[in-house]
Structures are given as C-alpha cells and as structure tokens.
Amino acid sequence: MGTPERVAIAAAGVVTPIGADLEAFWSALITGVSGISQIERVRVDDLRVQRGGEVKKLGRIKDWCGVPDCRATRLLIAAADDLCAQAAFRPLPLDPARVAVVVGTALGGVEEGEKALGGDRPSRRFPDALYDGPGLRLARWLGARGPVITVSTACASGATALATAADLLRRDEADAVVAGGYDALCRFVLRGFNALRSLTRDEVRPFDRRRSGLLLGEAGALALLVRERDLRGPRLGTVLGYGSASDGFHIAAPEPSGRGLERAVRAALADARVSPRDVDFVSAHGTATLLNDRIETAALKRALGPRAHEVPVNSIKGALGHTMGAAAALEAFMCLLSAQRGLIPPTLHLEEPDPECDLDYVPGRPRAARPRIMLSTSMGFGGCNGALVLEAA
Amino acid sequence: MRAPAIRGLGLLSGTGSGSGPAPIWTLARPDRPGDRFRRATRECLLALAAVDAMLEDGKAPREAIAGDGTALLYVTAAAYGASNREFIERRGGVMHFAYTAPAVVPAEVAIEFGVTGAYGILIGGAPSTLRAVDQAARLLDEGRCDRALVLVVEIFEECGDLYARHRRFTRWPLVETAACLWLERGDGELRFESTRDGRRAPVPPGGGERFAAGPLADLREWRDRGTGGPIELSGRWRDEHAGLHWSTERSHARDTRGVIRRSER
C-alpha cells in the first residue's frame with residue numbers, strides 16, 4: 001500500500017460556551033473558565049437540571065440577513081465566520097464546486113421540528129428541521145458548491161465528519177473541505193437527558209471519584225481541511241488516521257468492557273500508521289458519567305498498553321459540558337492548539353481522583369508539553385465509538 | 001475503485017394504492033418476539049427485518065455477518081422523523097428518548113446480529129446511499145473489513161401530515177422502504193460521481209419516492225430483471241445529483257446469484 005495523501009487542518013473556528021472564537025476558547029481552557037450557567041434561551045423550569053453550557057453570544061455576526069432564525073444553523077455559521085477570519089477567506093479563493101462541507105450532528109435541526117409541531121414556527125420551515133438542513137445552509141453561506149455531507153454518529157459525529165472530510169480530499173472529490181460539528185441546546189435534548197437522569201446537579205467532574213453525570217452544552221466547531229501538498233501558509237496540524245467500531249451491546253449504555261472503543265483506537269492507530277508508543281497525548285471523551293470514565297480508562301489501558309500510564313489524558317467537558325455533535329471536533333482542535341502553544345489544558349473540576357481511573361488526567365492546572373502525536377476518543381448513543389489520530393504542525 | 005460483489009440484498013417495500021393528493025405506501029410494523037423489542041420503534045424493527053431478508057436472499061445464517069469483520073453503514077433522510085415526533089409530542093414516554101437518535105437504528109442491527117466492525121451514518125437521500133456504497137467498497141478494498149452492509153430505512157407515515165403540507169418538497173407517492181445490501185470484495189470497477197447543480201429533482205416516471213432507499217430498490221429491480229451488464233445507479237436529493245457506475249465483471253463473490261452471475265454470462 002502506498003503512502004496515503006496527507007491532509008492538513010489549515011485553520012479552525014468555533015463558537016462555544018467559554019468563548020466565541022478560537023482564541024477565546026483556548027484562553028478559557030487554559031485559565032480554567034467554566035461555561036456552565038443557568039440555561040436562559042429555552043424553558044427549563046420543569047426540568048430537574050436547569051444548567052448547561054449555553055452560548056450567550058453568537059460570535060461577531062451582527063447582521064444575520066439571509067440566515068434563518070435556527071439556532072443550530074447559526075451556531076454553525078458563527079463558527080464558520082470565525083474560521084473565515086482565522087483562514088482569511090470568504091468568498092472562497094477556490095472554485096466553489098471544489099469546496100465541500102461535512103458536518104456532524106446528533107440533533108440536526110430538530111429544534112425547528114419541535115417549534116413547528118408546537119405551533120411556534122411557520123410550518124414552511126420544515127426542510128430546516130431535517131438533520132441535513134443546517135449543513136446545507138452552511139454551504140450556501142460559504143458559497144460552497146461541492147459535496148455537502150451530514151453524518152450523525154451521535155456524540156462521535158464531529159470525529160466522523162473530520163475523517164470523512166479527509167477522505168474526500170484523498171479521493172480528490174474536493175480541494176478544500178469545511179468540516180466539523182455542531183449541536184444546539186434545545187428543549188428536545190434537555191428533556192431527553194432529563195428523562196434519562198444522566199445530568200448532574202454538581203459540577204461536571206471527569207474521572208473524579210465524586211462524578212455524578214454530565215451537563216449538556218452547545219457549540220459549533222469547524223475546520224478548513226486541505227491536502228498538505230496544496231497548502232500555502234501555516235497549518236494547525238494533520239489528520240493522520242481515524243477508526244470506528246460498534247459496541248453491538250445496548251442502544252444507550254456503553255459496553256462495560258470498552259472493547260468497542262478499544263477497537264476504534266486500534267483501527268485509528270493502524271490507519272495513522274503509528275504505534276501506541278508514538279502517542280504523546282490523549283483527549284478523552286470523559287463525560288463524567290460513572291460508567292463512561294471507568295470504561296474509557298480500561299479501553300485506553302488495553303489499546304495503548306504501558307504507554308497509557310505515561311501520557312497525559314484530559315477531558316474538556318468540565319468546562320464546556322457535553323457539546324454532542326461538536327464535542328469531538330472541539331477536542332481535536334484543543335489537541336492541535338496544545339501542540340502549537342506547548343500547554344495541555346487541565347481537566348476542570350477533577351479534584352479527587354477515582355482509583356479506578358488511574359491515568360494521568362492533568363488535574364488542576366495546565367501542563368507544559370508539546371505533544372506531536374495525539375489521540376482523541378469519542379463514544380456515543382447506539383454504541384458508536386470513534387478515534388482520531390492527529391499530528392502537530 | 002474496485003467494485004464490490006453483491007452477496008445479498010434484502011428489500012421491504014411499502015404497498016398502497018397511490019390514491020389521494022399525498023399518498024404514502026406503508027410498511028407494517030414487523031412483529032419480533034423478545035422483551036428487548038417491546039419498546040423498539042417501527043424503523044428499528046424494519047431495519048432488523050431488512051437484514052433478515054438480506055440473509056435469506058444470500059442464503060446465509062445470521063452468524064455469517066457477526067463480528068468485527070463486518071462494517072455497517074446506515075443511510076436515512078427521514079426515518080428519525082417518526083421517533084423524534086413521538087418524543088416531541090410526549091407520546092413515547094421518558095424511556096423513548098434514546099430511540100430518537102438516528103444511530104439507534106443501526107445499533108439495533110449491531111446488537112441483534114453481533115455486528116461490531118467499522119460503522120458510518122449518513123443523513124441524506126439517494127446520493128448519500130450511493131456514497132455509502134462507495135465508502136463500503138473502499139473499506140473492503142483497503143482491507144478494513146471482510147464484508148460491508150449498507151442499511152437504509154425510510155418511513156413516512158408518522159410524519160405524513162407534515163409531508164402533505166409540504167407537497168412540493170418531495171415527489172409522490174412516498175414509498176416506505178427498508179433495505180440492506182451485503183457487499184464483499186469483487187473485481188469489477190466502481191465509479192462514484194456527485195454534483196450540486198441547484199436544480200430540483202425531476203418528476204419521476206412512476207414507482208414513487210423512496211428518499212435514500214431509491215438506489216437499493218433500483219438495484220433490486222435491475223437484478224430481478226436479469227439483463228446483466230454494468231449497473232448505472234443515480235439519485236437526487238435537494239440540489240445534489242449523484243451517480244454510481246458499477247461494473248461487476250470478474251467478480252469472485254462466493255455466492256454468484258443475482259447480479260454477479262448475470263453479469264458474467
């Protein structure tokens with residue numbers, strides 16, 4: 001087999017509960033800012049848990065002319081606006097037919113459906129309620145005329161999107177791909193997780209022995225991916241490999257041994273042609289549920305062997321909440337920024353380590369390090385496991 | 001790209017008269033014994049039934065697709081609509097929420113048949129299905145799996161009033177379909193192409209609209225016709241048009257029924 005085409009992440013843009021652009025996001029991660037607050041945009045007074053990672057300010061866009069009043073679409077476009085600022089483009093400096101869009105989401109435009117069915121919205125907005133509606137709106141805003149793909153592998157969606165984008169470039173279906181993930185906090189998902197009783201009233205404490213569940217967040221996270229040989233200018237890093245695997249166990253609960261995640265990690269390392277010894281840093285899914293963190297620890301130990309105890313592992317969900325479709329993309333960008341800035345953000349609210357979660361989870365303060373090869377893991381509803389391997393610029 | 005060989009194709013297609021301004025040809029909720037399926041949604045049960053039909057078509061036991069050598073790619077444009085609506089309108093009860101995720105449909109297949117390999121979930125219409133076949137071919141070609149399943153479920157009845165209010169959004173009748181295609185390594189040639197030309201889908205000559213399931217229904221029809229030769233599949237969704245040229249000559253598929261045998265004659 002020949003050497004695979006190398007795909008660079010040239011730039012990234014975000015809108016998150018801790019910062020409305022990439023720099024603010026990074027500063028907040030490093031300084032330990034929490035984006036968890038009382039949810040204000042949607043009604044929560046009938047829910048057990050009323051807090052989450054809500055985005056209070058949707059980036060710099062003042063005039064949303066032509067963009068529908070759909071939260072999911074606006075999160076995506078706010079992230080795209082930041083990406084355009086970072087990458088200094090728009091209009092696109094390429095043939096629009098060669099620019100693709102790949103987005104991952106767990107919820108799509110479901111809030112539009114919720115509003116339409118509740119009579120709050122004119123029903124002509126029905127197409128926006130489909131899961132691929134926001135991705136198509138983003139393509140229109142960017143002026144991209146290449147493939148527009150929406151993937152929905154639950155909470156691994158952002159990772160799947162970045163990997164799908166890399167595939168499009170390797171197969172020469174596009175010359176540039178805007179890819180990442182998004183999801184909005186809405187009644188639908190808050191009510192659902194409320195029913196599942198997986199939300200905590202405490203802080204989100206990944207890998208802490210007192211952890212009692214997750215909180216949801218919302219975000220948009222997009223990157224510009226291009227073939228490295230086509231890149232003129234700086235890059236954030238490289239997508240080296242991706243792996244996925246199904247648990248085949250339960251529709252909502254993770255498989256207790258973590259074999260699915262282990263298979264995904266092994267597949268990603270093989271795809272990237274690196275060994276566990278090469279891994280310098282792991283961004284864990286780290287939801288702070290009792291099961292997830294224990295299972296993930298066990299899976300990482302098996303997949304990485306002794307190296308698992310030598311590398312820093314963090315989770316940024318204590319700061320953001322679980323941003324669902326955006327989570328894996330944000331975590332990938334955090335990895336690349338860590339390598340670029342020489343600092344690994346701490347796992348916020350990890351104060352009393354769980355003896356069953358005995359890896360180096362970077363508690364308390366940022367860690368000085370300059371990782372070269374990074375692994376980012378994701379687990380989602382339906383037993384979706386995904387792993388990305390990234391290389392520093 | 002090296003084309004995969006078809007090992008089996010299960011297709012369940014809705015039936016109806018096509019009468020009325022917004023007709024939907026429906027599939028009945030399959031009956032499946034077992035406590036685990038008590039809460040399962042219609043789309044999940046149809047997915048399982050499509051895999052059963054595929055195994056029957058391939059004359060294979062369920063163990064033949066178990067394990068991490070089997071990749072599972074799921075495509076839908078609309079199947080989550082039913083469960084999402086049920087949850088929004090509070091008809092499903094609190095435990096229903098998990099079933100609103102599109103990922104749950106292939107998850108039920110993975111659980112029931114022990115499929116634990118690579119997976120993907122594409123949201124969209126017919127072009128997404130053609131892309132999924134192409135992705136499956138690549139997974140096979142690159143040795144990332146021994147077999148790949150492309151699963152498509154499209155149901156409409158639960159959201160029939162919404163489609164009726166947006167008659168121009170789709171073509172009619174809407175035909176509920178659940179299908180699963182089993183692919184293994186082959187020797188022909190596969191070529192996928194996609195363009196977004198901004199044009200709306202043309203009015204079909206007949207047969208109804210199946211969203212993502214259209215290409216698998218066309219494939220089944222082509223196979224049943226038995227004319228052989230290369231397969232040309234195409235589809236449109238929103239403003240995207242995609243085509244798949246699939247030449248199956250020199251296939252080494254173990255089971256040479258259907259498409260492969262006819263193309264070799």
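How do the residues of the lining of the largest pocket divide into nonpolar, polar and charged? In this predicted model, the lining comprises 17 nonpolar, 12 polar and 11 charged residues. The pocket itself has a volume of about 990 Å³. Of the 40 residues that line the largest pocket, those closest to its centre are Tyr242(A), Asp271(A), Leu139(B), Glu142(B) and Arg144(B). Several secondary-structure elements each supply at least two residues of this lining: from chain A, α6 (157-170), β8 (237-246) and α8 (259-272), and from chain B, β4 (119-123) and α4 (126-141). The largest share, seven residues, is contributed by β8(A).

Rolling a probe the size of a water molecule over the atoms shows where empty space is left. Elements of both chains take part: α3 (110-118) and α4 (126-129) of chain A, together with α2 and α5 (160-165) of chain B, each supply at least two lining residues. The most is given by α2(B), with five residues. By class, the lining of the largest cavity consists of 12 nonpolar residues, three polar residues and one charged residue.

The contact between the two chains can now be described as a whole. The size of an interface is often given as the accessible area lost when the parts come together. Between chain B and chain A, the buried area is about 4,500 Å², and carbon and sulfur atoms give 61% of this area. On the side of chain B, the residues that lose the most area to chain A are Phe97(B), Tyr119(B) and Arg196(B), which together account for 18% of what that side buries. In terms of residues, 52 of chain B are in contact with 59 of chain A.

One helix pair spans the two chains. Helix α7 (residues 187-196) of chain A and helix α2 (residues 80-88) of chain B have axes that come within 11 Å and cross at roughly 75°. The helices α7(A) and α2(B) are therefore roughly perpendicular to each other. Phe188(A), Arg191(A) and Gly192(A) of α7(A) meet Asn84(B), Phe87(B) and Ile88(B) of α2(B). This contact of α7(A) with α2(B) has three nonpolar residues, two polar residues and one charged residue. The helix α2(B) is also the element that gives the most to the lining of the largest cavity.

Within chain A, helix α11 (residues 327-341) packs against α6(A), their axes coming within 5 Å and crossing at roughly 65°. That angle makes α6(A) roughly perpendicular to α11(A). On α6(A), the residues Gly158(A), Ala159(A) and Leu162(A) meet Ala328(A), Ala329(A), Ala332(A) and Phe333(A) of α11(A). The contact of α6(A) with α11(A) has six nonpolar residues, one polar residue and no charged residues. As noted above, α6(A) also supplies at least two residues of the lining of the largest pocket.

A further contact involves α11(A) and helix α1 (residues 22-31) of chain A, whose axes come within 11 Å and cross at roughly 75°. The helix α1(A) is thus also roughly perpendicular to α11(A). Here Leu22(A), Glu23(A), Phe25(A), Trp26(A) and Leu29(A) of α1(A) meet Leu330(A), Met334(A), Leu337(A), Ser338(A) and Arg341(A) of α11(A). By class, the contact of α1(A) with α11(A) has seven nonpolar residues, one polar residue and two charged residues.

Finally, two points of backbone geometry deserve attention. In chain B, the peptide bond from Trp172(B) to Pro173(B) is cis, with omega near -5°. Pro173(B) is located in the loop between α5 and β6 (174-175) of chain B. In chain A, Arg197(A) has a positive phi of about 60°, although it is not a glycine. The loop that contains Arg197(A) lies between α7 and β7 (219-227) of chain A.

Notes:
Residues numbered from 1 in each chain as written. Chains lettered and ligands numbered in written order. Predicted model: local features only at pLDDT ≥ 70, side-chain atom pairs only at ≥ 80, totals over all residues. Heavy atoms only, no water. Axes fitted to C-alpha atoms, helices over the stretch in contact; angles between N-to-C directions. Helix = DSSP H or I, 4+ residues; strand = E, 2+ residues; numbered from the N terminus. Parallel < 35°, antiparallel > 145°, perpendicular 65-115°, else oblique. Contact = heavy atoms within 4.5 Å. Nonpolar A, V, L, I, M, F, W, Y, C, P; charged D, E, K, R; others polar. 1 Å grid on protein atoms, 1.4 Å probe; cavity = no way out; pocket = protein on both sides within 12 Å on 5 of 7 lines; lining within 4 Å. Points joined across faces, edges and corners; volume = space filled by probe spheres on them. Buried area = accessible area lost by both parts, 1.4 Å probe.
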